Amino acid sequence: MTLDVAIFFISAIVAVFGATMMITVRNPVASVLYLLVSFAAQAVLFIQLGALFLGVVLIIVYVGAILVLFLFVVMLLNLRGGEDLGQPSRPMSRFSKYLIGALLLVELVFVIRGSAGGTDQTVTGMMGPVVETFGSVQDVGMLLFTTYLYPFELTGVLLLVAIVGAVVIAKRETEREAAQKKQLVEERGHSSEEKVS
Amino acid sequence: MEVQLPEVSLRMMAPELFLFVWALVVITFDVVTKRAQGESVGYLTMVGIAITGGILAITGEGPGFGNMFYNDPMAIFFKIIFLGAAFMAVGSSFGLTKQKIVNHRGEFFGLMLLSTVGMMFLASANELLTIWIGLELTTIPLFVLAAFFKDNKLSVESGLKYFIVGAFSSAVMVYGLSFLYGLTGTTDLLQMKLNLATVHLTFRNIGVILIAAITMLIAGIGFKLGLPPFHQWVPDVYEGAPTPVAAFLSIGSKAAGLAAFAKIFVNGLSAFHGVEMAPNDWGKLAGIVAIAALILGNTVAIRQTNIKRMLGYSSIAQAGYIMIGMVAQSALGLSAVAFYIFAYMFANMGAFAVVTAFEDKTGSCEIKSYAGLAKTSPMLSICMTIFLLSLAGIPPLAGFLAKYFVFAAAIKQASLEGGQWLYWVVGAGLITAVFSLYYYANVIKQMYFSKDDSPYRVGLQAPAMLVVLIGLAGVLVFGLYPEPVLRFAGEVPSMFGFVSP
Amino acid sequence: MIGDILTYLTFFPVLGVVLLLLVPKERHDSIKSLSLIIAFVTMLISFLVYALFDPLASGMQFEVNVPWVNSVGISYHLGIDGISLLLIVLTTILTVLAILSSWNSIKTGVKGFYISILLLTTGMIGVFVSLDLFLFYVFWEVMLIPMYFLIGVWGGPRRVYAAIKFVLFTMFGSLLMLVAVLYLVFKYHSMAGVYSFDIQALVSMPLSFSEQAYLFAAFALAFAIKVPLWPLHTWLPDAHVEAPTAGSVILAGVLLKMGTYGFIRICLPMFPEATVAFLPYICVLSVIAIVYGALVAMVQKDVKSLVAFSSVSHMGFVMLGLFTLNLQGLEGSVMQMINHGISTGALFLLVGMIYDRRHTRLISEFGGIAKVMPAFATYFMIVTLSSIGLPFTNGFVGEFLILLGAFQLNTWYGVFAVTGVIFSACYMLWMYQRVMYGKVTNPENEKLTDMSARERIIMIPLVFLIFWIGVYPKPLFDRIEPAVKNVLEQVSRAKSVQLDPVTYELTRVKDEKGTVTDATVTFAPEQEEATHE
């Protein structure tokens, strides 16, 4: 067993373990921390595949920025573990959850068996040769700002939309607006009563 | 490393860019005027859409950014549908924004425009990444719009539900796309088609991954279209969301999903409905989904008492009819799909405009509360009747021709070798069409057959009136003289490399 | 100008609808007079068509053929032969009478009522003049909606149920027809290289037997629901009983003929092999319809449902006549279509008149009406006799020919069909006796007024037609005969039959194996001789 394989298995197991714990643990803070562990392990996997840039970005953006923000939010909201999370789910949805999981598992097995069947040639044949600098920052940057410039810019629009949406959803009403609304509702109530009569 | 940029032409993207800027203008205008200008924001939006339509008319065909943005007849046809749907949705939401949305009117209309921009980008995309981003750009504003009434429990529920389902389906879809990329080594659909055609995949080796990709893509897009078994969100979202948003959702987002489906499956994977790769034939899988949509949508709609839920289920069924044209996998089928959405737009937006006006006046969406409406608001009832009959597919309205062409495409394909299974799809479509007539006629029954007068007298505001008139004109004119649209729709598949019929 | 007369005829009622929309809905009298004028002018146009029609020419006349949706081969193709001509004239006459009959009985939603009737008229005429399958289908479906409203809005207590039942039954059939139409068109495309919906073009297309069988079944189901052939008739009593008088008149008078017209125009010429193969089944169903309709009519308590079931019986005669596939049978069948329109239309009108006065149709409520309303009783007698098929009334001509044809085909069909005639005399006369004779038992009947001038005006043309056709049907036969011969010639394209060029007898020939598979359809030579007399 070479070192590469050892690293792969260790980080893969850590990633899956982190993800499982993240779902099962009831304490939100611990849950976020497990997610962080999982992401870190995934970053290792990326780097091992040669996608250096992706690995680093995963660490910097997700682990460094987004999850820390998550932690802040969770702590600020002061959620405690073990709270009642509402009604247990209906048997139907519980069943479908397991069904989807099972399907994905079957699929995974098929994919692994399919690619182990000695057909790598067809795949790589279509992919073309892998360049030496594959996954480096320069390479990704070149692609991102030439061939894929347009989708890259498009994601900018997407982010803008998300911001606008978040503002609309999250913003509290000012007192003036609340008063306006109340007035409107009253007016409307009157008008519809008149129409009915 | 030399720098290579694809062929770039901003002129080709002019309509999208303009509409994007206009969306920002609308939002800013609302903020700058301290949200006092209630109606003018709406009019501003409508003007913007109209100008975009004008720009679209003079843009012409050609690449905007290589294959990632290419204006072909299909893109233009779908863009017309998106703009039309947006225009009619905005037009019918004046009363609603006046009554229920005190602030954020600018955002309401702005998000609608941004969603339209996403659809338009999607329509021009011929590449997996841009298709996916376009689809996201389409749906993310719709999540927010569905939850726009923040103090209404149903609306928030619908927004949340739509968001979770949407995010999940996007994830499934992107997973499928990654498989496709991994298999073919390209995100470009044309290249993908060529690559797949040169390599003979069989079930033994890599075919199974392709099956997985196809399944996940059908699931992902099926969520967007509301096809069973991914349809559960549809009625709840339609019921809870603001009515014009539901209308926009039923046309815009559905047409966007269909465009994505046509691009990925009918174009990119077209090499795989041949004889060689029987297990990878996506058509049969999609056909089963279509049959399920037809049966489920049309039967469950019968039991609905809320008109928005009823229209929600009916939209599931309509998606099933559209999929009949899609699984025909032919040039005629794609033209039929394009024409179907076009005709569906007029009827459905018109019907929703009437439902919105009725809801604004009475606050009720129950079908029962329409009783006797024909006596107090005869013109509105006639319009609603015509829209519903068009949805049910009664000649000489446009909805009939739409159904007719979809069936025609399927039957034509069914008469070819190995296409006999399509008769099952057509059969399901026919039998359920009778069911659909039942629940559409139920609304007509309420309006006309009641002996008592309705307590409400529902009028239409000027913009809503315009919407209803556009819908009426579309349904009648394109039902009686569909030739120009048909000619245009006939060009839709021209980039797909079918032999023309 | 004259060449386009069919377009004017078809769309004149639509023009009337547009005019009606401009009239304020409170002005009932203007609405009524305007729609009467429109219907009357339509009728005059149809008379003009009748006058201009050349009875000697055998093909289609007044043809119009303009491309409509060119890319898929749909054209605006109109034209009529003798069969459609007579049905059109019947349609326009009955429309005028239906409008007159509802003069006082429709009090709510007057505008919508007359708009529905006029739209219905366009749909009905459209079906009879279309020579393009797509157009045919469009008009076929267009009729559905006004009829739905007529039954649902102005109908009786169970109108909602009856209306939706009517629509769903018809819709189911017509969707099957749509698929068959599409198949035909694509088949034609694969052979000729162009899309065409032209009935005349499609008729000449060779089809294999199994194709013919499937297509025939699809079309036949759509038409049989409309006729209605037993056992698909269940919508009919509901629709008839619940519909307002005008609706019943048009439904019985014209709409039912759409089904038989479809058979004669599409099924027979297009699928001759299948027609011959299905012949015994359809004949048996028709005979069942004749006997069943008559027996059920006998036990009805409601006059209107009695007439409705008598329609099932009479339409069974029409179907039987069509599928005898000989000249007498077909001619009689077309004749019976017209006659049934006249006499059943008249019966419904009369029932409507008494219903307007008493607001009930139960036979037990009446008795001795003849003493109170002598004129009414007279008219009722004439119409009853015509419905029974007494010689010198119109009913006799059609039924006699059909029976003649049926006996030629197979004695048993004839025998059972004759029992239908006898039964019809029983139930009609028994009903007449219970309603008209005896003492006036019900005090409410004592103060009934006799027919008004308007009601007499409605009945006089019908009575005139009853006697005219009964005594001198030659002008009608002159116009029917070339068309019917055409149909028979087209059926004779089937390999399994042979057409006698003189008598237009279709004879079944033995196939290659030398066996005749179905004994019931062999034409015995001695029966053939009988017809030469």
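User: In what order do the elements of chain A run from the N terminus on?
Analyst: They run α-α-α-α-α-α-α-α. Chain A has eight helices and zero strands, where a helix is a DSSP run of H or I with at least four residues and a strand a DSSP run of E with at least two, both numbered from the N terminus. This is a predicted model, in which local features need pLDDT of at least 70, side-chain atom pairs count only at pLDDT 80 or more, and totals for chains, interfaces and linings use all residues. Residues are numbered from 1 along each chain as its sequence is written, while chains are lettered from A and ligands numbered from 1 in the order in which they are written.

User: How do you know what span to expect for helix α7 of chain A?
Analyst: The expected span is 1.5 Å times one less than the number of residues. Helix α7(A), residues 149–170, has 22 residues, and its 32 Å from first C-alpha to last is close to the expected 32 Å.

User: What makes a residue of α7(A) buried or exposed, and which ones are buried?
Analyst: A residue is buried if 20 or more other C-beta atoms lie within 10 Å of its own, exposed if 12 or fewer, and partly exposed in between, with C-beta atoms placed from the backbone. By that count A:Tyr150, A:Pro151, A:Leu154, A:Val161, A:Val164, A:Gly165 and A:Val168 are buried.

User: What do the buried residues of α7(A) pack against?
Analyst: They pack against elements of chain B, namely α1 (14–32), β1 (62–65), β2 (69–71), α5 (105–124) and α6 (128–146). For chain A overall, buried residues make up 10% of its 197 residues.

User: What makes two residues count as in contact, and how many residues of domain 1 of chain C are in contact with domain 2 of chain C?
Analyst: Their C-beta atoms, placed from the backbone, must lie within 7 Å. On that basis 41 residues of domain 1 of chain C are in contact with 40 residues of domain 2 of chain C. On the domain 1 side, α11(C) gives the most, with 13 residues. The residues of that side divide into 28 nonpolar, eleven polar and two charged; Ala, Val, Leu, Ile, Met, Phe, Trp, Tyr, Cys and Pro count as nonpolar, Asp, Glu, Lys and Arg as charged, and the others, Gly among them, as polar.

User: Where are the bounds of these domains of chain C?
Analyst: Domain 1 covers 1–270 and domain 2 covers 280–494, with bounds from an automatic or database domain assignment. Their centres, taken over C-alpha atoms, are 22 Å apart.
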